[in-house]
Amino acid sequence: MLSKEQINEFFTRGYIMIEALFEQSEVGEMSAAIERLKTEADSLDQTCIHKGSMFVITEKDGQKQIRRVSWAAPAEPELKKWGQDKRLTGVAKDLLGSDTANQLINQVHFKYPHDGVRYPFHQDCKHRGIGTDAWTDINGKGSYVQSLTAIDEATIDNGPMYFIPYSCKDGNLELELGYNDEADTDLSVHDLAEPVPILMKPGDVAFFGPYTIHGSFPNTSESPRRVFINGYAYPGANTRNYPGEGSGELITL
Ligand SMILES: O=C(O)CCC(=O)C(=O)O
């Protein structure tokens, strides 16, 4: 799927973007599945496993936040299908250097206007459990690839993803987890480039590694910013059970 230049860019800059990997009609199908999840989330008032998926619901300033659905597959099998689409897994195959992977993430991030949801700058290696028994970098190149598919257009105002180019160069910087709205990550102690907003059209996909620092700010626009995230680990790198029925499935890339 990828050229040598793209593979090199992934490992040096820390991320690549592939425009229009999915057609608009396909994004429409993903979007409809995500809206069905949103309807389920509307009926819940706290974080729970529902229909086999983990719905993460929080509250901020008295307002309900539908933050994410982790391992969306059981509640919405259409999203399992898209998360195992060969256009995503083919890229993961090239980047992992493996024909198979454990799929750890099949997730939707919702970000509605003024809901305050943000993701402080972080590295996904922390989420994978680096430094604990949960995680081993088996292929010596991070052993993990995450993809982020734009469902809505990502504009500068609706809380787009930001990447810090080349921030993967020093591996694990032991940053905090990226799920706490209140966290205030001090990046000034590291020698880093400026964060770059990734303005995506629906169907564009960003791929990034476990050491690439990324995050996003609240949605201050009047339209939603929804993304569909899938993550693939080199077989055996992960030993942890992720919430959701069937998570961590060994798949053929
Ligand atoms: O949805 C976002 O803006 C953040 C995504 C993210 O942090 C991740 O995919 O690890």
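Strand β7 (144-150) is mostly covered, with 7 of its 7 residues buried; a residue is called buried if 20 or more other C-beta atoms lie within 10 Å of its own, exposed if 12 or fewer, and partly exposed in between, with the C-beta atoms placed from the backbone. The structure is a predicted model, in which local features need pLDDT of at least 70 and side-chain atom pairs count only at pLDDT 80 or more, while totals for chains, interfaces and linings use all residues. Residues are numbered from 1 along each chain as its sequence is written. Strands (E, at least two residues) and helices (H or I, at least four) are DSSP runs, numbered from the N terminus.

Two strands are said to pair if DSSP finds at least two bridges between them. β7 is joined to β12 by 7 bridges, the two running antiparallel, and within that pairing the bridge partner of S147 is N230 in β12. β7 also pairs with strand β10 (residues 205-208) in the antiparallel sense over 4 bridges, where T149 stands opposite V205.

Strand β5 (residues 100-109) has 9 of its 10 residues buried, so it is largely enclosed by the rest of the structure.

| Pairing | Bridges | Facing residues |
|---|---|---|
| β5 and β4 | 2 bridges | H109 and R68 |
| β5 and β13 | 3 bridges | A101 and I251 |
| β5 and β12 | 7 bridges | N106 and N230 |

**An open sheet of four strands**

A further sheet is open and has 4 strands in the order β6-β11-β8-β9, with antiparallel pairing. β6 (119-122) and β9 (196-197) stand at its edges, each with a single partner strand, so one side of each is left without a neighbour in the sheet. Strand β8 (residues 161-163) pairs with β9 over 2 bridges in the antiparallel sense, and the bridge partner of F163 is V196 in β9.

**The surroundings of the ligand**

Which residues lie around the ligand? They are H109, Y119, D124, Q146, L148, M161, G178, H214, S216, V227 and I229, where a residue is near a molecule if its C-beta atom, placed from the backbone, lies within 6 Å of it. At least two residues of this shell come from each of β7, β11 (214-216) and β12 (227-233). By class the shell has 5 nonpolar, 5 polar and 1 charged residues, with Ala, Val, Leu, Ile, Met, Phe, Trp, Tyr, Cys and Pro counted as nonpolar, Asp, Glu, Lys and Arg as charged, and the others, Gly among them, as polar.

**From helix α4 to β5**

Helix α4 (residues 86-96) has the buried residues L88, T89, V91, A92, K93, L95 and L96, and the helix is followed by G97, whose phi is positive, near 70 degrees. S98 is found in the loop between α4 and β5, and this residue counts as partly exposed because 19 C-beta neighbours lie inside 10 Å. Leaving aside neighbours within four places in sequence, S98 is in contact with K93, Y234, P235 and L253, contact requiring C-beta atoms, placed from the backbone, within 7 Å. S98 and P235 are 137 residues apart along the chain, and their C-alpha atoms are separated by 8.1 Å.

Note on methods. Two residues are in contact if their C-beta atoms, placed from the backbone, lie within 7 Å.
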